[in-house]
Amino acid sequence: MRGVILIVALSLPLPAFGAGVMNVKASEHSCSELTQIIRQNKKVFVRVGFGGRSFRYPPAQCSMGDKRTTTSLRDGGGKQCILDYACVFDPASPYNFP
């Protein structure tokens, strides 16, 4: 019986266990909209210029090798947003050594 449950669980698609990452352009939203999008979707990649930043909500759910920090970016209206749940690369993490 355990084997059947395991096979069924492994055959389910990955989105059944967690939501995919949503891509958002910071220039198309206000600070409050960005905050709301991150809280609703849990995993968001916000494009800022040529690069971007990865956000997780709640903040305790950063991936291994990342650390939680505050970050600032400009929204579509040019207003400075400070978000306190960014997951950024942590060079001191043992998961990031080659």
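1. Accessible areas here come from the Shrake-Rupley method with a 1.4 Å probe, and for residues only the protein chains shown count as cover. On that basis the chain has about 7,000 Å² of accessible surface, 59% of it belonging to carbon and sulfur atoms. Keep in mind that this is a predicted model, where local features need pLDDT of at least 70, side-chain atom pairs count only at pLDDT 80 or more, and totals for chains, interfaces and linings use all residues. Residues are numbered from 1 along each chain as its sequence is written, and side-chain values use heavy atoms, with hydrogens and water left out.

2. First, the layout. There are two helices and five strands, in the order α-β-α-β-β-β-β from the N terminus. Helices (H or I, at least four residues) and strands (E, at least two) are DSSP runs, numbered from the N terminus.

3. Now the sheet. The five strands make an open sheet, ordered β1-β2-β3-β5-β4, with mixed pairing; two strands pair if DSSP finds at least two bridges between them. β1 (22-25) and β4 (66-74) sit at the edges with a single partner strand each, so one side of each has no neighbour in the sheet. β4 pairs with β5 in the antiparallel sense, over eight bridges.

4. What lies across the sheet? Helix α2 does, covering β1, β2, β3 (51-56), β4 and β5, and it runs at about 35 degrees to β5. Axes are lines fitted to C-alpha atoms, for helices over the stretch in contact (heavy atoms within 4.5 Å); angles run from 0 to 180 degrees between N-to-C directions.

5. The disulfide is worth a look. Cys-31 and Cys-81 form it, with sulfur atoms 1.7 Å apart (the cut-off is within 2.5 Å). The pair joins distant parts of the chain, Cys-31 in helix α2 (residues 31-41) and Cys-81 in strand β5 (residues 80-89), 50 residues apart. The link is left-handed, at -90 degrees about the S-S bond.

6. Finally, the core. A nonpolar core is a set of buried Ala, Val, Leu, Ile, Met, Phe, Trp, Tyr and Cys residues joined through side-chain atoms within 4.5 Å. The largest one has 14 residues, and those touching the most other members include Leu-34, Phe-55 and Leu-73. Elements giving two or more residues to this core are α2, β2 (43-48) and β5. Leu-73 has Cys-81 as its bridge partner in β5.

Technical notes. Buried < 20%, exposed > 50% of the residue type's maximum accessible area, 1.4 Å probe, protein only.
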